[in-house]
Amino acid sequence: MSDDVHSRLAALVCRYSLEVEKGHVVLVESPAVAQPFLVALVAELTDLGAHTLLFPSLESVETVILSEASRAQLERVTPVDELAVEVPDRAISIWCESNTRRLSGVPAGNQAIERAARRALYDRFFERAAAGELRWCGITLPSDAQAQEAGMAQADYRRFVYDACKLGEPDPVAAWREQAARQDAVVARLGQVSSLRIVAEGTDLTVDVSARPWISADGRENMPDGEVYTSPHELATEGHIAITFDAPFNGRMVSGARLWFEKGRVVRSEAERGAAYLQEMLAVDDGASLLGEVAFGLNAQITRATRNVGLDEKIGGTCHVALGRAFPESGGTNASSLHWDMVCDLRSGGQVYGDGELIARDGVFL
Amino acid sequence: MTDQRVERLAKLLVGYSLNLQEGQVVNISAPVIAEPLVVELVRAALAAGAVPRIRLAVESADHAFLSRASEEQLRWVSPLVTREAETLDARISVIASWNTRELSDVDPSRMAARSDAAGPALQTIMERAARGEINWCVTAFPCNALAQDADMSLADYEDFVYRAGWMHLADPVAAWRSFADKLNQIAVRLSDVKTLRMVAEDTDLTLGVAGREWKGSYGTHNFPDGEVFTGPVEGETSGDVRFTFPAIYSGREVEDVRLRFEGGRVVKSEAVAGGDLLAQMLAMDDGASVLGEFAVGTNYGIERFTKQILFDEKIGGTVHMAVGAGYPETGSVNRSALHWDMVCDMRGGGEIYADGELIYSAGRFLPEFAPDLSPPDA
């Protein structure tokens with residue numbers, strides 16, 4: 001049973017998401033606890049004729065390094081680190097946590113130091129991706145820690161994640177192709193819109209998306225997946241939005257957040273929990289209080305929030321906005337070290353208007 | 001509760017074995033099951049100012065690869081592995097396992113193809129090590145699978161492993177340094193020898209060692225450790241040897257190995273079980289049927305055979321030799337993708353003659369030839 005679901009997931013990611021071919025070098029970065037899936041993945045990649053570079057990691061080691069390394073040690077980039085972004089034709093990142101709070105005691109600055117030192121590597125990675133030399137996919141695998149975060153039993157959470165990947169469908173690849181087609185239709189409709197207004201309980205937000213391309217996230221770069229997104233014009237957002245679900249960021253949590261916008265910028269914020277952290281993050285740099293993303297979740301298999309933003313933002317019938325960094329591929333220009341997604345549920349009474357015309361009701365596009 | 005001996009072992013490996021210095025990049029290569037030791041090694045490496053990179057293995061994924069890979073996939077070498085061999089300052093490899101028989105159904109020729117492909121990177125590391133550019137060390141982490149092979153409980157096996165490394169002593173590093181001095185004295189004496197003859201049950205083997213360097217091995221490349229070794233002159237080994245303990249290759253046992261050498265090369269090989277594997281390995285490449293190493297095990301804190309070569313070849317009172325690659329620092333010029341150690345117990349009356357003179361009897365060097373190598377706490 002579990003071997004079977006792992007094999008199905010491996011096949012879906014290798015054949016549909018990444019279209020792995022013979023001779024491809026495939027980098028796999030994964031927590032070691034994902035071992036049963038890794039076995040299925042290596043089997044699939046080997047059957048496809050690929051060369052697998054398997055890099056299992058340990059959360060315990062991550063925590064020790066971030067807690068105990070000096071600045072010089074955190075900043076060191078080795079020749080092998082540099083080569084690791086040049087070699088792969090495909091890259092798979094697996095997200096599977098043993099303890100979602102493992103970094104609670106780590107000095108916050110250390111993560112920033114390490115990330116800054118690796119910036120050139122990330123940039124090179126995405127430069128190769130943009131040039132079509134490399135494709136990547138991030139996979140969420142169920143774990144006890146994530147089930148705990150979601151307030152669910154392990155068995156229920158596993159079913160939840162695998163259903164979200166459409167592995168319960170007789171032909172998951174066909175199901176994702178159908179999903180992609182549905183999303184293409186939504187993208188086509190949104191592409192005609194200049195002024196987008198979102199109305200729900202506590203929410204009446206207007207963003208300018210004229211000439212900003214909408215992009216369909218249809219299971220190629222994330223699994224599970226299912227959203228369409230763009231970057232709104234930076235200085236045109238007006239109104240307010242009530243964030244329905246808990247919004248986690250860097251191991252911290254903000255609940256019941258509300259944001260008010262004028263001329264694109266957050267001018268007021270409230271939260272039932274974590275208000276101070278929210279304000280701190282909004283002030284982290286100039287772009288942090290502007291929207292970098294507006295998006296609609298379209299995965300009908302994801303019906304509940306689980307305090308994992310990568311899944312919550314795909315809930316069918318929701319929209320989300322992100323404070324901070326925009327997507328250049330959507331024409332976004334907002335720069336920030338922040339990109340914080342926050343989800344608003346549209347399923348009970350939400351309405352979306354495109355240039356004044358109702359285009360979605362209760363989270364369903366008409 | 002954390003076993004304090006893990007932390008002590010990690011500190012010894014980083015400080016004594018690898019002598020890690022500030023700014024050096026060290027790879028910590030281990031199966032995931034060795035996590036407690038990996039964490040302590042990372043911690044000790046950071047404390048020394050070094051830059052650790054972990055390279056973890058998952059045996060069952062390895063099995064998935066090896067059992068289905070094409071010849072091309074088996075022989076593919078990751079550019080990252082090549083770059084590591086060229087640039088690392090240090091590497092520590094940890095032996096541990098969930099199941100030492102994980103790869104037992106994999107065709108040995110597939111294992112050989114992969115070993116063969118890994119040859120050049122290994123060669124690079126060996127050559128850089130000989131020039132003092134890289135320090136490497138192999139150690140073991142006690143786990144259930146290794147304990148099971150040793151017919152021991154995990155708790156007993158942990159005691160065995162840490163006692164073999166003298167971790168129970170107040171100052172193990174001092175003990176290893178003193179041991180190093182003694183082994184170096186023996187190595188100096190052996191350097192004058194031209195011909196060695198080894199005699200034991202069904203064994204009468206003559207080796208040429210003239211001009212070859214003898215090395216004491218005292219915890220820098222292997223930990224635990226304890227041997228003196230050389231690379232015999234390639235074309236001169238002759239006679240018969242029968243190995244007391246099973247020879248183990250990737251979890252497969254070859255029992256009661258007997259080899260006959262003529263002109264330095266194995267001309268006849270026999271085994272009670274696993275003879276096919278033996279023959280296949282000896283034919284892997286040109287150097288695979290020539291001795292790359294001849295050594296005397298000198299850790300008298302290790303007394304029993306546990307089916308783990310890291311420990312078995314160090315048993316005080318044994319001799320081992322390896323078919324395949326030799327260590328360039330001994331003067332060996334034998335090249336091979338293979339390096340397969342096999343152990344012969346000398347404690348029941350075995351003898352070694354140096355240019356005709358008896359220097360070793362019943363598992364001990366004679367007192368007039370070498371200092372006492374008994375365990376420091378004995």
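Colleague: What do the buried residues of H3(B) pack against?

Modeller: On the chain A side, they pack against helix H2 (35–47) and strand S2 (51–57). Within chain B, their partners are strand S1 (25–31), S2 and helix H6 (108–130). Keep in mind that this is a predicted model.

Colleague: OK, and which residues in H3(B) are buried?

Modeller: Glu59(B), Ala61(B), Ala64(B), Phe65(B) and Leu66(B) are buried there.

Colleague: Let's zoom out to the two chains. How many residues of chain B are in contact with chain A?

Modeller: 28 residues of chain B, and they meet 29 residues of chain A.

Colleague: Which elements of chain B give two or more residues to that side?

Modeller: Helix H2 (35–47), strand S2 (51–57), helix H3 (59–68) and helix H5 (79–87) of chain B. H2(B) gives the most, with six residues.

Colleague: And how do the residues on that side of chain B divide up?

Modeller: You get 17 nonpolar, five polar and six charged.

Colleague: Switching to chain A on its own: what does the domain assignment give?

Modeller: Domain 1 (2–141) and domain 2 (175–365). Their C-alpha centres lie 26 Å apart.

Colleague: How many residues of each are in contact with the other?

Modeller: 13 residues of domain 1 of chain A are in contact with ten residues of domain 2. On the domain 1 side, helix H1 (2–17) and strand S4 (135–140) of chain A each supply at least two residues. The largest share comes from S4(A), with five residues.

Colleague: What's that domain 1 side like by class?

Modeller: Seven nonpolar, five polar and one charged.

Terms used. Residues are numbered from 1 along each chain as its sequence is written. Chains are lettered from A and ligands numbered from 1 in the order in which they are written. This is a predicted model: local features need pLDDT of at least 70, side-chain atom pairs count only at pLDDT 80 or more; totals for chains, interfaces and linings use all residues. Two residues are in contact if their C-beta atoms, placed from the backbone, lie within 7 Å. Helices (H or I, at least four residues) and strands (E, at least two) are DSSP runs, numbered from the N terminus. Ala, Val, Leu, Ile, Met, Phe, Trp, Tyr, Cys and Pro count as nonpolar, Asp, Glu, Lys and Arg as charged, and the others, Gly among them, as polar. A residue is buried if 20 or more other C-beta atoms lie within 10 Å of its own, exposed if 12 or fewer, and partly exposed in between; C-beta atoms are placed from the backbone. Domain bounds come from an automatic or database domain assignment.
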